[in-house]
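Visitor: Could you walk me through this one? I'd like to go piece by piece.

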Amino acid sequence: MLEVDNIEKYFGDVQILYGVYLKAEQGKVTGILGSNGCGKSTLLKIVFGAMKSKYKLIKVDGNIIQKKLYATGLVKYLPQHNFIPDFMSIRKALQLYKIEETDFQDFFIEDDFELSQKFGHLSGGQRRIVEVFLTLKTPSRIILLDEPFSHIAPVQIEAIKALLQTEKQHKIIVVTDHYYRDITEVSDSIYLIKNGSSKHIQNLTELEDYKYISEGSLS
Amino acid sequence: MRNSIYVFFYAKELLILTSFLTVCYVVCKLSQLPLEPLIVAAKIVLPLVFYGMKKMSDKSSLYFLYNLGMRDFVIVFWLLFLSTIDLILLQFIF
């Protein structure tokens, strides 16, 4: 179980996060929703360890993690933007992420990817779907996904959703995206970031109550 | 540590610049121009500036190195090593 608590983040004098709490468990996809600029991506970066915060408490299986989470080797993070260098081939990325080539070929059976292709030669959408696949399929314990459904074709979004359901059985997965319908569909547990605090959503109608979506959107 | 090779690829712009400075250093040595201290300083400062700029960029490929478990001080160490190791070798040559 991944538990983050008391996360406070300032940008200059402006406080973005006020003591955010989040709990993510193996076997469940934990979704984070929130309006633009509310701090969803900032929260994931802080948990990953790539961004400093004023306060934070991170626990994995009840043990407090003092160092940056990425330095433990327990976590992989998908940032909003392409992050795998242009010079790297798909084959090499698969090796680094400890994924079997056959798993890749099975997932992308409809696509004509060459394993020798370099990331710099892929289109934006192709690159994104491969990066999402690598991050989800890698054998790390904790997976943090920032906007995995952006820039991806609908048919591939469905494939990613199916992969999420398989991988969550042995991983702790936290996901955030602007496409709230996709998040609500794949998530077993949802948090809404509102006014810098996290609110655990028990019923989707609360999203209307908190004015995250307009009334009647769910029907 | 075995993934440190990727710092070299990641910092290829820095490598080009630092190679140029090495050539400048050799030229200064041979022609006895008093610019060697400036070049040495530039070779030390450049990796830190390079790293700082990457760190501040939200679209940074530093996330790739982080995902490989590489920590900030290891990345900075390799960048400094990359940029300055040739100066130590050149001291022996000249």
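**A walk through both chains**

Guide: Helices (H or I, at least four residues) and strands (E, at least two) are DSSP runs numbered from the N terminus. Bear in mind that this is a predicted model, where local features need pLDDT of at least 70, side-chain atom pairs count only at pLDDT 80 or more, and totals for chains, interfaces and linings use all residues. Residues are numbered from 1 along each chain as its sequence is written, and chains are lettered from A and ligands numbered from 1 in the order in which they are written.

Visitor: Which residues of H1(A) are buried?

Guide: A:Lys40, A:Leu43, A:Leu44, A:Lys45, A:Ile46, A:Val47 and A:Phe48. That is seven of the nine residues in helix H1 (residues 40-48) of chain A, so the helix is largely enclosed by the rest of the structure. Buried means 20 or more other C-beta atoms within 10 Å of the residue's own, exposed means 12 or fewer, and partly exposed is in between, with C-beta atoms placed from the backbone.

Visitor: Which residues touch the most other members of the largest nonpolar core?

Guide: A:Leu43, A:Val47, A:Phe48, A:Leu144, B:Val7 and B:Leu65, out of 75 residues. Helix H4 (residues 124-137) of chain A gives the largest share of this core, six residues. A nonpolar core here is a set of buried Ala, Val, Leu, Ile, Met, Phe, Trp, Tyr and Cys residues joined through C-beta atoms within 7 Å.

Visitor: And what does A:Leu144 touch?

Guide: Leaving out residues up to four places away in sequence, A:Leu144 touches A:Leu44, A:Val47, A:Phe48, A:Val75, A:Tyr77, A:Leu78 and A:Val174. Contact means that the two C-beta atoms, placed from the backbone, lie within 7 Å.

Visitor: Switching to chain B, how many helices and strands?

Guide: Five helices and zero strands. Buried residues make up 23% of its 94 residues, and its C-alpha atoms fill a box of roughly 45 × 25 × 20 Å along the principal axes.

Visitor: How many residues does each chain give to the contact?

Guide: Chain B gives eleven and chain A gives 14. On the chain B side, H4(B) supplies the largest share, four residues.

Visitor: Last one: is B:Lys29 buried or partly exposed?

Guide: Partly exposed, because B:Lys29 has 16 C-beta neighbours inside 10 Å. B:Lys29 sits in helix H2 (residues 12-31) of chain B and touches B:Glu36 and B:Phe94, not counting residues up to four places away in sequence.
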